Amino acid sequence: MPSQLIMQMAVTGLVLGSIYMLMASGLTLIYGIMHQVNMAHGVFFMLGAMLAYYATKFAGLPYFVSLFLILAVFPFIGILFERVIFRPIRHLWLAGYMSTIGVWIMIEGLGWQFFGTVEKGLSFPYEVLLRLPGGVIIPLSKVTVCLLAVLIIAVVYFVVGRTKLGRQMRAIEQQPKAAKLMGINSDRVVAMGFALGITLAGMAGGLVSTLYSISPTSGSGPMLKAFIIIILGGLGSVTGSVVASFLLGFIDSFGGTLFGPQAGHFLGFALVIVLLIFKPAGIFGHE
Amino acid sequence: MNNIKTFLVLILLVLLAGLPFLIKGIAPGWWELFSHILTKIFLNVAFGLCLWMMLQAGMLSLGQGAFIAISAYMTGILSVKYQLVTNLWLCYLIGALTASVVSLLLGLITVHLRRIFFLLVTWAFAEMLHPILTSFENPFGGAAGIVNIPPPSGISLFGEPGTGYYFITLLYAVVVTLIIWSVSLSKVGLIYKSIGQNDILTTFCGIHVRRYKLQVFALGCFLTGVGGGILASYLTAVSPETFTFFASLDIIMINLIGGMGFIMGPIIGAVILTGMNEILFAVGYYKMTVYGLMIILVIRFLPGGLISILAVLRTAFRRTGGNQKKGGEVERTVA
C-alpha cells in the first residue's frame, strides 16, 4: 500500500476523530453532570449544521461568523430544553432517557418538515489545497476543522478544570447532595452543563457542514459513534472519550477505505464487543 | 376476584374470535382495514409483553427490532432464498431459535452491565445489523431484501388470507400472553422481579442472577422471534428498512404508554400505540413530531402509564389511601 494513501487515510481519521471528540465529550459531560444519557445529541448536531448553513446561505453571514452564532444561540437552546423538559424528571433515569428520545424524534420530524429532504452543504470560503512533502494533499477546510475542534476541547478542559463553574460541575458530578449543602446552585450548574454539552454538539455540526452534506437525519450517525466512543472510553471520563474518538476515527477511515463504507460501523461495534468481554468498564472507566 | 378475571378474559377471547364474522356480516368492506390493524395490534401485544417480561428483570433492551429482524430474515432465507424448508411453521421455529441464540451470545457479554450500558449496547447492536443486512447481497438480499415470502400452510382454512393472519396472530398473542402470565405468577417470575428491584440483594439470597437474566433474555427473544417470522409472512417481504430504530422504540413505547406495573399495561399500550400509528400515517412528517411530543408528555404527566389511572382510581374508590400509586411507577418497576 503506498504511503501516500496511508497518510490520506490518517488525515481523514484525524478529521473524523476530532468531530467525534466534540460529540463524545459533550455526551460525557452531560452524563457526568445530569447522570442522564442524552439521545437528543444528534439532533443538536444537525441543528448546528443547519444553523450554519442557513446563516451563511440565506442571511449572507461569513462562515466563521455563523459558527460564532452557534456559540451564541446554543447555550440558550440548551438551558431552555433543560428547564422545560429535563429538570422536572431529572431524578428518574428511564424517564429522562426516554424524554431525550422524545426530543430527538420531535426535532427530527420538524427538521424534515422545515429543512426538506434535499441534502445541503456549504463550501469552505478560503479553500486551498495544502501540498505536503510526499505527495499528500490536504484541503485547508479539514485542517481548520481539526484545529478548531482541538481549540474547543482545550477551552472545555480549561472551563471544567480551572474555573469556578467547572469546580461546581465536578462537585455535582461527584456528590450532588454534598455539593448542594456547600451552597452550590445545582439547578443552575446542571443547566449550564447541559448547555455546554449541547453547544459542543452544535459546533461539531457547524464544523461538519463544510465537509459533508447535511440532512435532518445526519446527526444520528455521529451520535451512534459518540455512544460507541463513550462505551469504549468509559462513561464520564473526558480523557477516555478523547482517546477513543481518535481510535474510532482511524478505524472508520482505514476500515472504510480498505473494506468498504459499511465496514466502519461494523468494526466499531466489534471493538465494543471485544472491549466488553475483556474490560467492561471501558478503557479509562471506573465502576 | 380471580374467577371474575378469568370470566372476563374468556368473554374477550370469544368476542375476538367472533369479530371477523361480525364485521363481515355488518360491513364487509371494512374488514380488510380492521384485520390489518388488529393483526398489527396482536403482534405488538406479544412483542410488548416479551419486553415487559425482560423489564421485570431490569433489562431494558432497545434492540428488540433486531431480534424480530433476525427471525424474519431467517424465515425469508430458509423459505425463499435457499428453499431449504418448505413448511413455514418450521421456519418460524428456526427463526425464533436463531434470535434466541443470538440474544444468548449478546447476553453473555452484556447482562452484567449496568442497565444504561445494556440499553446502549443493545441499541448499538440493532444499529449495526442495518449495515450488515444492506451490504451482504448473498444471504440477506442487500437493500432490496427478500420478497415473495409465502404464507404458512394452514392459512387457507380461514378463507381469505386477511382472516387467516388475524387468527394466527390472535393465537400467537394469546399463547405469548398465557406463557408470560404464568411465568410472572410463578417462582421464576418472582425471581425476575427481585432481580429487577435489587440484583445485589438477590445474589445474596443465593440466586444465580446472571443465569436468570440470560434465561429471561433468551426466552423473551424466542417468543419475539416467532412473531418476527409471522410478520415476515404477513408482509410477504423483508428489507432492512422494515426494522429501523422505530421498530425497537415502538416496543418500549408500548410499555411506557400502557404502564409497566401490571401485565395489562403493555396490552393496553399496544392497542393505543398501534391505533395511533395507523391514524398518524396521514400527517406525513408531523407523525414523528407528534410521536416525540407524545413520549415527552406521557413521561411528564403520566409516568405510570395509562394503567396507573386505573390504579389511582381504585385506591381513591376504596379510600385506603396508604397504597396510592403516585407516579414514578416506571422507575420503581425498572430501577
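1. A convention is needed before any packing angle is read: helix axes are lines fitted to C-alpha atoms over the stretch in contact, and the angles run from 0 to 180 degrees between N-to-C directions. Please also keep in mind throughout that this is a predicted model.

2. With that convention, helix H5 (residues 140-162) and helix H6 (residues 164-174) of chain A pack at an angle of about 70°, and their axes lie 5 Å apart. Because angles from 65 to 115 degrees count as roughly perpendicular, H5(A) is described as roughly perpendicular to H6(A). On the side of H5(A) the contact is made by A:Val159, A:Val160, A:Gly161 and A:Arg162, while H6(A) brings A:Leu165, A:Gly166, A:Met169 and A:Arg170. Sorted by class, the residues of this contact comprise 4 nonpolar, 2 polar and 2 charged.

3. As for chain A as a whole, its secondary structure amounts to 11 helices and 2 strands, and the order along the sequence is α-α-α-α-β-β-α-α-α-α-α-α-α. The radius of gyration is 19 Å, close to the 19 Å given by the globule rule for 287 residues, so chain A is as compact as a globular protein of that length. Along the principal axes, the C-alpha trace of chain A spans about 60 × 50 × 35 Å. Of the 287 residues in chain A, 51% are buried, and among the contacts of chain A with a separation of 6 or more, 74% join residues 24 or more positions apart.

4. A further helix pair in chain A deserves a look, namely H9(A) and helix H10 (residues 238-259), whose axes come within 8 Å and cross at roughly 125°. The two helices, H9(A) and H10(A), are therefore oblique to each other, and their crossing is right-handed. H9(A) takes part through A:Lys225, A:Ile228, A:Ile229, A:Ile230, A:Leu232 and A:Gly233, and H10(A) through A:Gly240, A:Ser241, A:Val243, A:Ala244, A:Ser245 and A:Leu248. The contact of H9(A) with H10(A) is built from 7 nonpolar, 4 polar and 1 charged residues.

5. Turning to how the chains meet, 35 residues of chain A are in contact with 34 residues of chain B. On the chain A side, helix H4 (93-115), helix H9 (220-233) and helix H11 (263-278) each supply at least two of the residues that touch chain B. H4(A) gives the most to that side, with 16 residues. By class, the side of chain A that touches chain B holds 27 nonpolar, 7 polar and 1 charged residues.

6. Chain B has 15 helices and 2 strands. A compact globule of 335 residues would have a radius of gyration near 20 Å, and the 20 Å of chain B agrees with this. Its C-alpha atoms fill a box of roughly 60 × 50 × 40 Å along the principal axes. Buried residues account for 47% of the 335 residues in chain B, and 78% of its contacts with a separation of 6 or more are between residues 24 or more positions apart.

7. Within chain B, the axes of helix H2 (residues 31-56) and helix H12 (residues 264-280) come within 8 Å and cross at roughly 135°. This angle makes H2(B) oblique to H12(B), and H2(B) passes H12(B) in a right-handed crossing. The residues that meet include B:Ile37, B:Ile41, B:Val45 and B:Trp52 from H2(B), and B:Pro266, B:Ile267, B:Val271 and B:Leu273 from H12(B). In total, the contact of H2(B) with H12(B) has 10 nonpolar, 5 polar and 2 charged residues.

8. Finally, which backbone angles in chain B might you inspect by eye? B:Asn148 is not a glycine, yet its phi is positive, at about 60°; this residue is found in the loop between strand S1 (146-147) and helix H7 (161-185) of chain B. B:Asn148 counts as exposed because it has 9 C-beta neighbours inside 10 Å. B:Thr236 likewise has a positive phi, near 60°, in a residue other than glycine, and is found in the loop between helix H10 (209-235) and strand S2 (237-238) of chain B. With 15 other C-beta atoms within 10 Å, B:Thr236 is partly exposed.

How values were computed. Residues numbered from 1 in each chain as written. Chains lettered and ligands numbered in written order. Predicted model: local features only at pLDDT ≥ 70, side-chain atom pairs only at ≥ 80, totals over all residues. Helix = DSSP H or I, 4+ residues; strand = E, 2+ residues; numbered from the N terminus. Parallel < 35°, antiparallel > 145°, perpendicular 65-115°, else oblique. Left-handed = near helix turned anticlockwise from the far one by under 90°. Contact = placed C-beta atoms within 7 Å. Nonpolar A, V, L, I, M, F, W, Y, C, P; charged D, E, K, R; others polar. Rg over C-alpha atoms; globule rule 2.2 N^0.38 Å. Buried ≥ 20, exposed ≤ 12 C-beta atoms within 10 Å, placed from the backbone.
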